[in-house]
Structures are given as structure tokens and as C-alpha cells.
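Please read the following points beside the coordinates.

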Amino acid sequence: MTPSGDSIYQGLIADSFKLDGQVALVAGGYGGIGEALCLGLAQQGAAVVIAGRSVEKGAAFAEQLASDGFSALGLRFDIKEADEISRLVEQTISHFGHLDILVNCVGTHIEKPAEELSVEDWDQVHDTNLRGAFLLSQAAGRQMIKQQRGKQIHISSVRSLLGIRRGFAAYTSSKAGMNLLVKQLATEWAQHGINVNGIAPTFIRTELVRHYLEDEDFYNALVGRIPLTRVGEPFDIVGATVFFASPAADFITGQILFIDGGVTATQ
């Protein structure tokens, strides 16, 4: 039976996940996770801005997407530079006219025992992972407030919730701060029609963590704690990102979705 027009099921249709006509700014868009997210967003109809420190890598990936029939633009920025973040948003608006989706998958990590971690190490990780996340959200949020709509998605980590017996003090604290930043911005900006959410994966197979996954003892211990018995792949993050960016998630904000193979269900 087909639901009537005023049925509560009216909105439960495939188009709820479509992003036609929307513009997505993906910070870190040519990285291991970022590439998968850009492709997933583009396949759902969004125009994609691929942003990072290498204009060559961003432009090359944008050209690749364009050759496949998608709308894409590569832009340079440094997440630690507030002026460059503001300019990135301005360039996006100048080119596409609006900004509907922000995805932040920029991140860094310095592993050192807590007693050996320098102030410079701490600042480098926090300036990238937390301060940068705020500056991105702020710059995009100012535009989204003008539009009275927008979606923001930050890539956090399972280590925002769980400690680890290695030198992760700067990383874990920066990602924990990101989680609460997501909740705070979601609370403040709900009145403007802006949804802010986070995705917290376990280890995802990327260049950033390749050296960990090549450590047999570390890898075996890691997988042994994951109920689904594998590490994550970049494509594991795509569905959740598209969901949070789409109309299907219009009534969801301030949430952190753990994509961890069951780790946080057992610890």
C-alpha cells in the first residue's frame, strides 16, 4: 500500500540521501579518508571542494573527479592559519555561491611518552586537531548562519573516548575536545538550522597509521580487541558521512557516531 501524502512515512524515500545542488567543503580531501569521502559526496550529487596544504594534490584529485563527470575544485589552505581558513570559505562561496556541508578530516599525531612530550609537540597536535577544527567550523558557520542552514561533520577518533598504553596524550585529548566542541556548536547553532556531528572511527587503513599496522604485535593486539576482527577501511566512513550530510539526518545534531567494529561496546 502506498502511504498517503500526510503520512509520517512521506519523508522515508531514497532521495533523503541525495545531495543534488549542494556544495561540500572537505578539509583534508585528498588524504586516505578524505578521498573516499569526496567521492561518496560527489556520487550523491554534491559539488566538492578538496582542500589541503598541497594545491597540486587537491587540483589533481579535482581534475580526476571532473573527468568522471563530477563537480570539483581543489583549493589550498593550512588548518593552523585562521586567515587561510577564512579565505578558503570565501573562495568556495565565490566559486559556487553557497556552502552547505563542511567535512573536517584533517588530523595529526605525535607519539611520545607523556613525560617526554614537548610543548611544541602538544601545540602542533592541538593546533591541528582541535584549534583547527574550531576555526573551520567558525568560518563555515558564519556563512551557514547567513544561509540559515548547513551540515558540519568532524572526523574524531575512538581514542577520544578510550586511552591507550602508548604515547597518545596529545592526540587523545585533542580528539576528546573535538567531541565536546561538536556538542557545543550543535547546541549554539541549532537555532540557525545548522547540524554539527562527529564520526569517531577506530584505526582506518591510511598512510597516517601505516607504520602501526605494519607492526605485527600492535596489529594483532588491535584486531584482537575489535569484535568484527579487522581494522577499518576508508570506505567504512563514507556512508555515515553521506548520512550526516543528507536530509535524512536533519533531526540529528550533537552526536558522535563510533565506527569501530564494536570496540566501544566491549570496553
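Predicted model: local features only at pLDDT ≥ 70, side-chain atom pairs only at ≥ 80, totals over all residues.

1. Residues are numbered from 1 along each chain as its sequence is written, and side-chain values use heavy atoms, with hydrogens and water left out.

2. The open sheet has seven strands in the order β3-β2-β1-β4-β5-β6-β7, with parallel pairing. Its edge strands, each pairing on one side only, are β3 (72-76) and β7 (256-259). Direction ignored, neighbouring strands of this sheet are turned by 20° against each other on average.

3. Strand β6 (residues 194-201) is largely enclosed by the rest of the structure, because eight of its eight residues are buried, that is, under 20% relative accessible area with a 1.4 Å probe and protein chains only. Ile194, Val196, Gly198 and Ala200 point one way from β6, and Asn195, Asn197, Ile199 and Pro201 the other way. Six bridges join β6 in parallel to strand β5 (residues 150-155), and Ile155 stands opposite Ile199.

4. Helix α3 (residues 82-96) lies across β1 (23-27), β2 and β3, and runs at about 155° to β3; angles run from 0 to 180 degrees between N-to-C directions, with axes fitted to C-alpha atoms, for helices over the stretch in contact. Helix α5 packs on the sheet, touching β4 (101-104), β5, β6 and β7, and its direction makes about 160° with that of β6.

5. Helices α4 (residues 119-147) and α5 (residues 169-189) pack at an angle of about 15°, with their axes 8 Å apart. That makes α4 roughly parallel to α5, a label used for angles under 35 degrees. Among the residues making the contact are Trp122 and Phe134 of α4 and Tyr171 and Met178 of α5.

6. Gly40, in helix α1 (residues 32-43), counts as buried at 5% relative accessibility. Leaving aside its neighbours within four places in sequence, Gly40 is in contact (heavy atoms within 4.5 Å) with Val238 and Val242.

Notes: Helix = DSSP H or I, 4+ residues; strand = E, 2+ residues; numbered from the N terminus. Parallel < 35°, antiparallel > 145°, perpendicular 65-115°, else oblique. Buried < 20%, exposed > 50% of the residue type's maximum accessible area, 1.4 Å probe, protein only. Pairing = 2+ DSSP bridges.
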